[in-house]
Amino acid sequence: MFDKILIANRGEIACRVIRTARKLGIRTVAVYSSADADAQHVRQADEAWPIGGPTPAESYLRGDAILEVALKSGAQAIHPGYGFLSENADFADAVAAAGLAFIGPSGASMRKMGSKAGAKELMAAGGVPVVPGYTGEDQSPDLLQREADRIGYPLMIKAAHGGGGKGMRIVRDAGEFVAQLESCQREAKNAFGRDRVLLERYVESPRHIEIQVFGDAHGHAIHLNERECSAQRRYQKVFEESPSPFLTPELRAAMGAAAVQAARAIDYVNAGTVEFIVAPSGEFFFMEINTRLQVEHPVTELTTGLDLVEWQLRVAAGEALPLAQADVPQRGHAIEVRLYAEDPDAGFLPGSGKLETLRLPASDAHVRIDSGVVEGDTVTIFYDPMIAKLIVWDEDRPRALARLRDALAQCDLVGPKSNIEFLERLVRHPAIVEGRIDTGYLDRHLDEFLAPSQAD
């Protein structure tokens, strides 16, 4: 096992990694921007090094500066957290070339997932269910029209090198295909520098269900059950839970087996998440693999009793996975929501400022708080405005929802505006309570979740 690791991140995920490292007796090295000189991850780490100015481009995205600190500080490995450099294959390669361990998958595995088209082809060849579509290099309008007609409508046009919801169009009949194609190509060219698209059948009222996978360097790969993340606003997750209220034991087993197949197809090592789109019929299709730890990993930890960061460290240090598939636990129900400094009534505009008051529920067997700030800290304009992740656990879903409602009622924030009231309405909404939400529900019914004055 490592003696010292560097954490190439900030905020709650850096604090989260420090917590496990401390438990294992591993010393931690924090890096920080000028805006984060007094941040919690800086205070909690064993040592901290400055790496540049306040913006990510001046600091947390500077792989060369981070690598230099790792070598100077004597760190043996780098944990990238999520965001920033966590899915940067060149950075993973540079870490390995410097003789350090990258606590995540190889750059080669990341590259196989970097292109949506290439990833789909690879998964289909590996026997993983993919959405019927077209991923070819011939991008002539006539061929794309013929392929669209073959796939059938509705279908989705997607930028092959896109992300974040950009470069996507839904086409409902053949007559509107060409206009939507040209619009999508223009947006893709502007956003990503490339206008290649892929076509795929559009699944109506889909659910977003992801499977946590883990692989080691000894040829083992398993899954740690699912997380349902169907409650989304503009493709951003707002409510995550495990187990999914939709899956049957048979569907869970089939999706888990497909996720492990996906991991094996790219020789995956360390933690990853295989994301699926699931139709109301139960038909499921591969969407993508996130080659890192996910923001919502605590719901898996609470329902399995496992420490995923510890697993990451052990696998990166060359150890075998500590459990076989048949031994993976599943107990009770866990839910996560994210507290943000944002104004839901103003289009979820991100906020900033000093947290004059920040009261969160006490952590216990039923409530977990993952946060990178405390009362008196400042939420800056330079980074994601997350204040804390609130995760609850209980024996079943109704009890977990009751725990979450109670925990939210105990939250009090004075300073920047927050989404606490929005979350309180969310967890009481019938679509959430009854477990019948799909990925587009919040966007279609947003007024039902906002303050009454805004809904009028």
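1. Some housekeeping: numbering starts from 1 along each chain as its sequence is written, and side-chain values use heavy atoms, with hydrogens and water left out. As the model is predicted, local features need pLDDT of at least 70 and side-chain atom pairs count only at pLDDT 80 or more, while totals for chains, interfaces and linings use all residues.

2. Start with the largest nonpolar core, which has 37 residues. A core here is a set of buried Ala, Val, Leu, Ile, Met, Phe, Trp, Tyr and Cys residues joined through side-chain atoms within 4.5 Å; buried means under 20% relative accessible area (1.4 Å probe, protein chains only). Phe-239, Leu-339, Ile-387, Leu-390 and Leu-404 have the most contacts inside this core. Helix 12 (397–409) is among the elements that each supply at least two of its residues, and the largest share, 5 residues, comes from helix 12. Helices (H or I, at least four residues) and strands (E, at least two) are DSSP runs, numbered from the N terminus.

3. Have a look at Ile-387. Beyond its neighbours within four places in sequence, its contacts (heavy atoms within 4.5 Å) include Leu-339, Tyr-340, Leu-355, Val-373 and Leu-413.

4. There's also a second, separate core of 31 residues, with Phe-2, Tyr-82, Ala-271 and Leu-313 among them.

5. Now the second largest pocket, lined by 13 residues. A pocket is an open set of points on a 1 Å grid over the protein atoms alone, where a 1.4 Å probe fits, with protein on both sides within 12 Å along at least five of seven lines; lining residues have an atom within 4 Å of a point. Pro-344, Asp-345, Ser-418, Ile-420 and Glu-421 lie nearest its centre. Helix 13 gives the largest share of the lining, 4 residues.

Notes: Buried < 20%, exposed > 50% of the residue type's maximum accessible area, 1.4 Å probe, protein only.
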